[in-house]
Amino acid sequence: MTAEYKKQLKVPESDPYFFMPRSVIVNLQRMDELSRKHPVNVLVAGKQGCGKSSLVRQFAARYNRPLTIFQVGLLTEPGQLFGQQRLREGDTYYQEFLFPQAICTPRCAVHLEEINRPEHPKALNELFSVLGEDRSIWVDELGLAEVAEEVIFFASLNEGPQFTGTEVLDAALRDRFYTIRLDYLPPATEQEVIVLKTGVSEEDADKIIRVIHRLRHDPRNPLAISTRHSLMVGELVNTGASLKEAFTFTLHISKDALESCLVALHFGIGETEADGEEYELF
Ligand SMILES: Nc1ncnc2c1ncn2[C@@H]1O[C@H](COP(=O)(O)OP(=O)(O)O)[C@@H](O)[C@H]1O
Ligand SMILES: [Mg+2]
């Protein structure tokens with residue numbers, strides 16, 4: 001095993017401020033139990049930034065499992081997860097990648113990110129036998145790679161308006177998974193997360209959440225604002241930025257849309273620059 005593999009097969013750190021619906025927590029406990037009988041596959045679906053990757057990470061942390069993450073969206077050809085022919089001093093050799101190591105590691109949580117977006121339509125073929133009844137795959141260069149005891153596969157799937165066309169996962173593949181559907185945290189919980197993680201005051205967090213809630217639910221142009229962005233706004237406000245500054249620097253949103261949202265919520269927009277902004281030496 002190379003040093004890189006050892007580093008990547010670590011149990012992740014736990015996030016003390018990670019919130020999930022109770023039903024999800026209960027079902028994850030069941031997944032852990034079921035995995036003792038046979039390998040388990042769990043699909044986590046939801047909008048960008050709603051906590052899918054964090055959920056898998058925190059599952060691994062909570063159940064003391066090594067975690068490995070693979071970006072399915074980057075796969076451009078079949079076989080790519082397992083290894084690659086390489087050249088060294090005129091000789092070719094097969095370099096084994098992390099994936100076969102991961103599936104052969106007992107109790108490993110294997111996260112296949114953005115499973116609905118492989119670059120190559122056949123890139124997922126080899127996963128069928130690993131995720132299906134066989135639970136093993138023959139790789140000429142490696143021999144039989146068998147899924148180890150208590151391995152859990154997680155696959156995440158981005159849903160939302162900007163992902164139309166990619167969210168239809170092949171039925172045969174979907175058939176092999178339990179499904180957890182996540183949404184953004186309820187406003188009161190997201191406010192608590194912002195306070196706990198950024199140190200911003202309750203009052204400021206309340207304002208931040210009200211702006212975000214309004215933008216997410218704008219009937220004409222709903223924005224998918226991730227929890228990461230709410231945290232980034234919180235951090236900026238905590239370093240002294242105004243609401244308007246914090247949102248301007250964080251979101252891709254027009255000045256008008258932001259100002260009309262702030263005005264509608266009676267939060268004020270500070271001074272407006274009539275003739276554009278002044279430039280100074282940096
Ligand atoms: N339920 C949650 N509780 C606490 N923090 C969260 C939660 N969901 C998301 N976050 C925070 O938001 C960030 C983005 O979440 P992430 O898991 O990367 O989203 P996704 O994978 O769905 O795009 C994470 O770094 C995490 O700190
Ligand atoms: Mg993610």
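Let me start with Glu 245, which sits in helix α10, residues 243–250. Helices here are DSSP runs of H or I with at least four residues, strands are runs of E with at least two, and both are numbered from the N terminus. Glu 245 is partly exposed, at a relative accessible area of 42%. On that scale buried means under 20% relative accessible area, exposed means over 50%, and partly exposed is in between, with a 1.4 Å probe and protein chains only. Glu 245 and Arg 36 are 209 residues apart along the chain, and their C-alpha atoms are separated by 50 Å.

Before going further, the ground rules. This is a predicted model, in which local features need pLDDT of at least 70 and side-chain atom pairs count only at pLDDT 80 or more, while totals for chains, interfaces and linings use all residues. Residues are numbered from 1 along each chain as its sequence is written, chains are lettered from A and ligands numbered from 1 in the order in which they are written, and side-chain values use heavy atoms, with hydrogens and water left out.

Now the chain as a whole. Its secondary structure comes to 11 helices and 9 strands. The C-alpha trace spans about 70 × 50 × 35 Å along its principal axes. Of the 282 residues in the chain, 44% are buried.

Next, the loop between β5 and α5, where Glu 119 lies. Glu 119 is exposed, with a relative accessible area of 58%. Glu 119 and Leu 74 are 45 residues apart in sequence, yet 6.1 Å apart in space, C-alpha to C-alpha. Glu 114 is placed in the loop between β5 (109–113) and α5 (125–131). Glu 114 counts as partly exposed, at 22% relative accessibility. It has a positive phi of about 55°, although it is not a glycine. As background, most residues other than glycine have a negative phi.

Asn 64 also has a positive phi, near 55°. That residue is in the loop between α3 and β2 (67–71), and at 54% relative accessibility it counts as exposed.

Tyr 184 is in the loop between β9 (178–181) and α7. Is Tyr 184 buried or exposed? It is buried, with a relative accessible area of 12%. Tyr 184 and Glu 113 are 71 residues apart in sequence and 18 Å apart in space, C-alpha to C-alpha.

On to the hairpins. Two strands pair if DSSP finds at least two bridges between them. Strand β3 (residues 83–88) and strand β4 (residues 91–96) run antiparallel and are joined by 6 bridges. Within that pairing, Arg 88 stands opposite Asp 91 in β4. The hairpin of β3 and β4 has 2 residues between the strands, and Glu 89 takes a positive phi near 45° there. Strand β6 (residues 136–139) and strand β7 (residues 143–146) also run antiparallel, with 4 bridges. Ile 137 stands opposite Ala 145 in β7, and the hairpin of β6 and β7 has 3 residues between them.

Now the cysteines. How many disulfides are there? The count comes to 0, where a disulfide is a pair of cysteine sulfur atoms within 2.5 Å. The sulfur of Cys 104 has its closest cysteine sulfur in Cys 108, 10.0 Å away, which is too far for a bond. Cys 104 is partly exposed, at 38% relative accessible area, whereas Cys 50 is buried, at 6%.

Last, the largest pocket, which has a volume of about 640 Å³. Of the 27 residues that line it, the closest to its centre are Gly 49, Gly 51, Ser 53, Ser 54 and Arg 228. The elements giving two or more residues to the lining are α3 (52–62), β8 (152–158), α7 (187–198) and α9 (227–238). α3 gives the most, with 5 residues. For the method: on a 1 Å grid over the protein atoms alone, a pocket is an open set of points where a 1.4 Å probe fits, with protein on both sides within 12 Å along at least five of seven lines, and lining residues have an atom within 4 Å of a point. Grid points are joined across faces, edges and corners, and the volume is the space filled by probe spheres set on the points.

Where does this pocket lie? Domain 1 (3–181) and domain 2 (187–264) both give residues to the lining, so the largest pocket lies between them. Those domain bounds come from an automatic or database domain assignment.
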